[in-house]
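Dear colleague,

I am passing on to you the structure that we spoke about, and my notes follow once you have had a chance to look at it. Please read them with the structure open beside you.

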Amino acid sequence: MNIRPLLLSCVMLLSACSSPLKSDLPADQTYRLNPQVALAPQRLSINLYVPKVSVSPALDSAHITLMKPGFQQDFIAHSRWPDDLSVYLHAVMLDTLSRSGGFQSVSEQMLGKGGNYKLLLRVSAFQAEYPPDGKGNAAVVVAMESILVRVQDQRVMGQHRYDSRKENIPVSTSKIVEALNQALAESTRQLIQDLQRDL
């Protein structure tokens, strides 16, 4: 009995079983934010401490939120942020505030004993919105509140709200993310101006 064909068949079968299964579903695309801000007009000798950003629970996931007609919340299919929105926006804001050059340091923890100011950020809107009739272009909305606290005596130095809305955005995930990035940049530029004014 010639067992060579039998062995060859077994090897081919094992090779087929070890091949990874391929899904018919498209892979999730990860999108990133990089809000651009100009250099601050002056550098303040303060340590800006930014705890975790507070995000409305309905928005706090890695999904990119989409509001449909009738106030129905959904997500853009196969599109995501690198992390849950609160975690990701915290990293983005730390980086953007640091790049502004307006502060001695920007950190997620207090540094040293003096010159520490705590910046509390709360995001209540960060989503795309379809038009009421479900046809046409989308809009994006970013709403953020800030409270600046002097750590030494817990005095509130300033409290502000920022609302930015971009209309007539093509229904394309990359265009929507680009518009969210622009809206966040506008709000952050105003935030930096207010921080420097409050201090």
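A residue is called buried here when its relative accessible area is under 20%, exposed when that area is over 50%, and partly exposed in between. Please keep in mind throughout that this is a predicted model.

**Salt bridges**

With those cut-offs, Arg 99 is partly exposed, because its relative accessible area is 32%. Its partner in a salt bridge is Asp 95, and the closest N and O atoms of the two are 2.9 Å apart. Asp 95 is likewise partly exposed, at 39% relative accessibility. Both residues belong to helix α2, which covers residues 85-99, and they are placed four residues apart, or about one turn of the helix.

This is one of nine salt bridges that the structure holds. Another brings together the side chains of Glu 129 and Arg 165, at 3.1 Å from N to O. Arg 165 is partly exposed, with a relative accessible area of 44%. The pair also belongs to a network of salt bridges, in which Glu 129, Arg 165 and Glu 167 are linked.

Strand β9 also supplies Lys 166, whose partner Glu 186 lies in helix α3 (residues 173-198), so that this pair ties together parts 20 residues apart in sequence. The side chains of Glu 186 and Lys 166 meet in a salt bridge at 2.4 Å, N to O. The two partners fall into separate classes of accessibility: Glu 186 is partly exposed, with a relative accessible area of 34%, whereas Lys 166, with 19%, is buried, because the cut-off for buried is under 20%.

**Aromatic pairs**

How many aromatic pairs does a search of the whole structure find? There are two such pairs. In one of them, the ring centres of Trp 81 and Tyr 88 are 6.2 Å apart and the planes stand at 25°, so the pair is stacked. Both Trp 81 and Tyr 88 are buried. In the other, the rings of Trp 81 and Phe 126 have their centres 6.0 Å apart, with their planes at 65°, so this pair is edge-to-face. The latter pair links distant parts of the chain, since Trp 81 sits in the loop between β5 (72-80) and α2 while Phe 126 sits in strand β7, 45 residues apart. Relative accessibility comes to 1% for Trp 81 and to 3% for Phe 126, and each therefore counts as buried. Through these ring pairs, Trp 81, Tyr 88 and Phe 126 are linked into a cluster.

**A buried threonine**

Is Thr 65 buried or exposed? At 2% relative accessibility, Thr 65 counts as buried.

Terms used
Residues are numbered from 1 along each chain as its sequence is written. This is a predicted model: local features need pLDDT of at least 70, side-chain atom pairs count only at pLDDT 80 or more; totals for chains, interfaces and linings use all residues. Side-chain values use heavy atoms; hydrogens and water are left out. A salt bridge is a side-chain nitrogen of Lys or Arg within 4 Å of a carboxyl oxygen of Asp or Glu. Helices (H or I, at least four residues) and strands (E, at least two) are DSSP runs, numbered from the N terminus. Buried means under 20% relative accessible area, exposed over 50%, partly exposed in between (1.4 Å probe, protein chains only). Rings of Phe, Tyr and Trp (its six-membered ring) pair if their centres lie within 6.5 Å; planes under 30 degrees apart count as stacked, over 60 as edge-to-face and the rest as tilted.
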